[in-house]
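Open the structure in your viewer and keep the sequence panel beside it. This tour says what to select at each stop and what to look for there.

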Amino acid sequence: MNDAVYLGNPNLKKANTSINFTKKQIQEFIKCKDNPVYFAREYMKIVSLDEGLVPFKMYDFQEKLIDNFHNNRFNIAKLPRQTGKSTTVISYLLHYALFNDNVKIAILANKAETSRELLSRLQLAYENLPKWMQMGVLEWNKGSMQLENNSKIIAASTSSSAVRGNSFNIIFLDEFAFIPNHIAEQFFSSVYPTISSGKTTKVIIISTPQGMNMFYKLWHDAERGKNGYVPLEVHWSQVPGRDAAWREETIRNTSARQFTQEFECEFLGSVDTLISAAKLRSMVFEDPIQDNNKGLKVYEKVIAEKDYIITVDVSRGTSNDYSAFVVFDITTLPWKIVAKYRNNEIKPILFPNIIDQVARNYNKAYILIEINDIGEQVGNILHYDLEYPNVLMCAMRGRAGQIVGQGFSGTKSQLGLKMSKVTKKIGCSNLKTLIEDDKLIITDYEIISELTTFIQKNQSFEADDGHNDDLVMCLVIFAWLAVQPYFKEMTDNDVRKRIYDDQANQIEQDMAPFGFVSNGLEDEESKFVDENGDVWHLDEYGDVATDVSYMMNY
């Protein structure tokens, strides 16, 4: 009998082991094959923290999840923490591998260790299936398993190289929101071709939200019907035992913000962001009208009568930070972003040519470059080699600090803005006002995503760990520029005055919260004029009612 087990494991059947089925077993096998929910409910076993190995007692939303996986190719689900979401997906993957021949399944997570732990849970469930339902085992280890029907399941990290060169019938992405954005983008660009070639291939994306990243984009595109994913959202109250008392206890033991993100599934970004969380939630991204897939995205084509400004942030082109620029329509308020460029591989010596082409297209837009590092090289190439006419210069003017203009001369002028603590502080403060007062319209996903992780660190603002802020810094440069006298002359717009005028009524109300009440008796000098034309002054310490009564009786 030991010859029938796989590598001495009594819970696994070796390949080519014959089994005599009873009539009931055949009926059960067919029933399970046709109904993955029935299979999970009747034959799936999981490990409970309190009870050990137990049957998988599914909640209603878990059955709905499995039905969605079975009936749709592309699924995305937003679920709270500790709802059994991974176990639910694993039960479906086990069913798919068991009842379909020659299929390949990938379990992917942000860490290889996490994906292998998921595979081990699937293997545990497989070991506890009845032998007559099992397929013989060909391969069984921590990173993969293969059955005698030639179905294979592998576990790997979510990276662009993890599954390159392979084709899969199902790709399961666990906690996709916790994968860094640049890795998620590279992964999708390399992996999607492996599944798009088939007609029945599936993608399952499951996660708790973590900021406005690629998971956020895929989710909202699914909600708006802009991609092929079927969205499913689960509220924490759908889990039995989770009620108002449980919520209060959880908040006491963690925090209100943590509960909101992990259980209410809010797409909150990092803590202490420059832009308020309420404003970030209300920002909606749109698809560009033109995307060359090399970094340039256009949201509005050039209009002959309009004025444009481009702000530039330069990196070294070493795949860490991005070289970026943003094109602003400054013709009228509110200003808006009409195009943007972002690339982490472009070399600084080639970057000026791209800026030059886009700027000339946008009516020879004014250009302001941040020149702290190698940005000065970009400014020099634009101005001297490419002879671009509208590169803005900055000059030091004593206590006034840097001022912007054109045609400066002298040793204290340069082709661009040198970012300092003072200029960054002014730019960040102005940017917060522009965005929160709707004076700057942003519809680009990557800019909104960077804003959700642009946080306060010490006395400044910068990208949260593992994130980038190159596009946001372009916005900071623009916000600094927007209050410069030269900018006001160019645009005939004093943004500070416009914002004040828009809020003047509110400011007056804030300054006088209780109002000013007139009794109709005093003029500007606190005096009273009787019917004979005589002027009576109120006593400095007198009571108004008493003095008036006396005067009326006089």
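The stops below run from the whole chain to single residues.

**The whole chain**

Start with everything shown as a cartoon. This is a predicted model. The chain holds 18 helices and 26 strands. Colour by accessibility next: 50% of the 554 residues count as buried. Then consider contacts between residues with a separation of 6 or more: 66% of them join residues 24 or more positions apart.

**Stop 1: strand β10**

Select residues 170-174, strand β10. Is this strand enclosed or open? Five of its five residues are buried, so the rest of the structure largely encloses it. Show the side chains. Ile170, Phe172 and Asp174 point one way, while Ile171 and Leu173 point the other way. Both groups are buried, Asp174 included. In a regular strand, side chains alternate between the two faces of the sheet.

Select residues 104-109 for strand β6, which runs parallel to β10 and is joined to it by four bridges. Here Ile105 stands opposite Ile170. Then select residues 202-207 for strand β11, whose pairing with β10 is also parallel, over five bridges. On this strand, Lys202 is the bridge partner of Ile170.

**Stop 2: a three-stranded open sheet**

Move to the sheet with the order β20-β19-β21, where the pairing is antiparallel. Which strands stand at its edges? They are β20 (402-405) and β21 (413-414). Each has a single partner strand, so one side of each is left without a neighbour in the sheet. Select residues 393-396 for strand β19, which two bridges join to β21. Zoom in on Cys394, which stands opposite Gln414 of β21.

**Stop 3: helices α1 and α2**

Select residues 23-34 for α1 and 36-43 for α2. To see the contact, show Glu28, Lys31, Cys32 and Asp34 on α1, then Pro36, Tyr38, Phe39 and Tyr43 on α2. By class, this contact has five nonpolar, no polar and three charged residues.

**Stop 4: helices α11 and α12**

Select residues 351-361 for α11 and 375-385 for α12. Here the axes come within 9 Å and cross at roughly 50°. That angle makes α11 oblique to α12. The crossing is right-handed. Show Phe351, Pro352, Ile355 and Asp356 from α11; they meet Val378, Ile381 and Leu382 from α12. This contact divides into six nonpolar, no polar and one charged residues.

**Stop 5**

Finish with the backbone.

- Select Leu333 and Pro334: the peptide bond between them is cis, with omega near -5°. Pro334 lies in the loop between β16 (323-329) and β17 (335-343).
- Select Asn150, in the loop between β8 (144-147) and β9 (152-157). Its phi is near 70°, a positive value in a residue other than glycine. Asn150 counts as partly exposed, at 38% relative accessibility.
- Select Lys364, in the loop between α11 and β18 (366-369). Lys364 is not a glycine, yet has a positive phi of about 50°. With a relative accessible area of 43%, Lys364 is partly exposed.

Conventions:
Residues are numbered from 1 along each chain as its sequence is written. This is a predicted model: local features need pLDDT of at least 70, side-chain atom pairs count only at pLDDT 80 or more; totals for chains, interfaces and linings use all residues. Side-chain values use heavy atoms; hydrogens and water are left out. Buried means under 20% relative accessible area, exposed over 50%, partly exposed in between (1.4 Å probe, protein chains only). Two strands pair if DSSP finds at least two bridges between them. Axes are lines fitted to C-alpha atoms, for helices over the stretch in contact, and angles run from 0 to 180 degrees between N-to-C directions. Angles under 35 degrees count as roughly parallel, over 145 as roughly antiparallel, 65 to 115 as roughly perpendicular and the rest as oblique. A crossing is left-handed if the near helix is turned anticlockwise from the far one by less than a right angle, and right-handed if clockwise. Contact means heavy atoms within 4.5 Å. Ala, Val, Leu, Ile, Met, Phe, Trp, Tyr, Cys and Pro count as nonpolar, Asp, Glu, Lys and Arg as charged, and the others, Gly among them, as polar.
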